[in-house]
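Keep the view open beside you as you read.

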Amino acid sequence: MTDAPTTPDRALTPARKAAIIGVCVLVQILTAVDMTVLHLAIPALSESLRPTTTQALWIADGYGFALAGLLITAGNIGDRIGRKRLLLAGAAVFGLVSVATAYAPSAELLIVLRILLGASAATLIPSTLSILRNTFTGKERTAAIGVSSGLTILGFGLGPLIGGALLSHFWWGSVFLINVPVVVVVIAVGIFVLPESRNPVPGRLDGLSVALSLVGILGVVYTIKEIAYEGLNHWDVYAAAVLGAGSLLAFVLRQPRLAEPLMDLRLFRNRAFSATVVTTVLAMFAQLAVSVISTQYFQLVNGWSPLKSGLAGLPGMGGALIGGTLGAVLIKSLGRAGTVTLGCLSSAIGFVLYSRTDVGTAYAYLVVTMVVFGIGLALILTVATDTVLGVVPKHRAGAASAVSETATELGGALGIAVLGSVLGSLYRQGLPADVPAPARETLAGAAQVSAQLPAGPGAQLLHTAQHAFIGGLQVTMLGAAGLMVLVAGVAWFALRGVPKVLEDPAE
C-alpha cells in the first residue's frame with residue numbers, strides 16, 4: 001500500500017526537488033523562530049503588559065504545549081485530506097493569528113493567541129516531513145533530512161537574532177509580524193512546487209482519541225511545570241496529574257481497539273522507531289532550555305542589547321549547520337548508533353562548558369561552547385528524524401512524522417518548563433532573605449527593581465541577583481550534561497544494528 005497522488009504532478013526534476021526542500025525548510029524555520037523569538041521580547045513585554053509570573057510562563061510555553069498536544073492529530077488529518085492542502089491552510093491561519101498576536105492588548109489574550117499559534121503550527125511540521133518522506137528515498141532522503149534539520153536549528157538561533165533586530169527599533173509585537181511575509185512566500189511557492197499525497201485508505205478520525213491525547217499531554221506538562229515552580233502544595237497540581245495521566249492511559253488503551261487508531265502503537269514494536277523517539281524526548285528536554293537561558297545571560301548578566309544578544313548566538317547556528325551536513329556523512333562511517341552517540345556526547349561537553357560560565361566570561365569561550373553544542377544537537381536530530389521516517393511505509397508518513405515531532409516539541413517544552421523552573425528555584429535560593437519580592441521572582445524582575453533604586457543600592461541588588469542566576473545556571477547545566485551522557489548510553493545500545501541506509505519498507 002502506497003500513498004496515492006491526488007493531483008497530476010509534473011516530473012520531480014532536480015530544480016523542483018530543491019524547491020520542495022526550500023519550502024519545507026522555510027516552514028520549519030518559521031515554526032522554530034516562533035518558539036524562541038519571544039525570549040528576547042519578554043522584558044519589553046513584561047513592562048508593557050505586566051503579566052504575573054504564571055502568565056509569563058504560559059506566554060513562553062503555551063505555543064510549544066499546543067504544538068506538542070496537537071501534532072498527532074494534525075499528522076493524521078494530513079494523511080486524510082492531503083499534506084499539501086493542510087500545510088497551505090495551516091500557513092494561512094498562522095499568518096492571520098500572527099497579526100492578531102502582535103497587537104494583543106493584555107496578557108490573557110496574548111496567552112490565548114500564543115496557543116492558537118501553536119495549534120496552527122501543529123498543522124505545518126508533520127506536513128513538511130511527510131512531503132519530504134514521500135519525495136525522497138534512501139540516501140537522498142537522509143541528505144535532505146540533514147539539510148532540513150540543520151536549517152531548522154538555524155531557526156531556533158534566528159529567533160533571538162530577529163527578535164533583537166526588531167526590538168531595537170519597534171515594539172514587542174513586531175516579532176510576530178515578521179511571520180506574515182514568510183507565510184506569503186510559502187503559500188505562493190508551495191501551491192506550484194509541492195506534490196500532494198494522502199493515505200489512500202485513511203479511515204475515520206476518532207474524536208475521543210483527539211481529546212484524550214490533547215488533555216493528557218497538557219495535563220502532564222502542567223503538572224511538571226507547577227511542581228517545579230510552586231511545589232506540591234496546590235490542589236490543581238494533583239488534579240492535573242490525575243487528569244493528564246488518566247487521559248494518556250485511556251488513550252493508549254483505546255488505540256488498539258480502533259480500526260484506524262490516531263496513533264498506531266504497532267510502530268513502537270520497531271526497535272529503531274521506539275528507541276529514536278525516546279532519545280529525541282530526552283535530548284530535547286535537556287537542550288531547548290539553553291535558548292532561554294543564554295538569551296537571559298546575554299541581556300541581563302552582560303547587559304547587552306536585544307540585537308547584540310541575538311547576534312551573539314550566531315556561532316551556535318553555524319555549529320548546527322555543520323552538524324546537519326555531517327550527519328549524513330557520519331552515518332556512513334559510524335552508523336546510526338555511533339552518530340547519535342557522538343551527538344549526545346558533543347552536547348554533554350557543551351553543557352559542561354556552559355556550566356563554567358560566570359559573570360564576565362570571555363565571549364570567545366562562549367563561541368566554542370555554542371559551536372560544540374550546536375554540532376551535537378544537529379547530529380542527534382538529523383539521524384533521529386531520518387530513522388523515524390525511514391523505518392515506516394510512506395502511507396504512514398504523517399503519523400510517524402507527528403510522533404517524531406511530538407517527541408521533539410514535547411521534550412523541548414518540558415525542558416523549558418522544568419529546567420527553566422529549576423533554574424528559577426535555584427536563583428531564589430541564592431538570594432538573601434531581604435531582597436524585595438519582585439526581584440526574587442526572576443532576574444528580569446531584579447533588573448527592573450534595581451533601576452528604580454538609587455545608584456548604590458540598585459547596583460548592589462543587581463550584582464547579587466546576577467550571581468544568584470549564575471549559580472543556578474551552573475548547577476542546571478551540569479544536570480543537563482549528566483542527562484545527555486545517559487542518553488548517549490541509551491542510543492548506543494538501542495540503535496545498534498539499525499542499517500546505515502534505510503530503504504522504503506513494505507507494509
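In helix α4, the buried residues are Ala 107, Leu 110, Ile 111, Leu 113, Arg 114, Leu 117, Gly 118, Ser 120 and Ala 121. An α-helix has 3.6 residues a turn, so residues three or four places apart point the same way. Helix α4 itself covers residues 107–121, which makes 15 residues. From its first C-alpha to its last it reaches 21 Å, close to the 21 Å expected at 1.5 Å a residue. Please keep in mind that this is a predicted model.

Next, look at helix α5, residues 125–135, where you will find Thr 128. Is Thr 128 buried or exposed? Its relative accessible area is 0%, and because buried means under 20%, Thr 128 counts as buried. Which residues does Thr 128 touch, leaving aside its neighbours within four places in sequence? They are Cys 24, Val 27, Gln 28 and Leu 87. With Gln 28 there is also a polar contact, side chain to side chain, at 3.2 Å.

Now move along to a pair of helices, α14 (residues 314–355) and α15 (residues 363–390). They pack at an angle of about 145°, and their axes are 4 Å apart. The residues of this contact comprise 26 nonpolar, 15 polar and two charged.

Stay with α15 for a moment. Of its 28 residues, 21 are buried, so the helix is largely enclosed by the rest of the structure. Its length agrees with expectation too: at 1.5 Å a residue α15 should span 40 Å, and its end C-alpha atoms are 40 Å apart.

Note on methods
Residues are numbered from 1 along each chain as its sequence is written. This is a predicted model: local features need pLDDT of at least 70, side-chain atom pairs count only at pLDDT 80 or more; totals for chains, interfaces and linings use all residues. Side-chain values use heavy atoms; hydrogens and water are left out. Axes are lines fitted to C-alpha atoms, for helices over the stretch in contact, and angles run from 0 to 180 degrees between N-to-C directions. Helices (H or I, at least four residues) and strands (E, at least two) are DSSP runs, numbered from the N terminus. Ala, Val, Leu, Ile, Met, Phe, Trp, Tyr, Cys and Pro count as nonpolar, Asp, Glu, Lys and Arg as charged, and the others, Gly among them, as polar. The expected span of a helix is 1.5 Å times one less than its number of residues. Buried means under 20% relative accessible area, exposed over 50%, partly exposed in between (1.4 Å probe, protein chains only). A polar contact is a pair of N or O atoms within 3.5 Å; within protein, one must be able to donate a hydrogen and the other to accept it, and residues adjacent in sequence count only if both atoms are side-chain atoms. Contact means heavy atoms within 4.5 Å.
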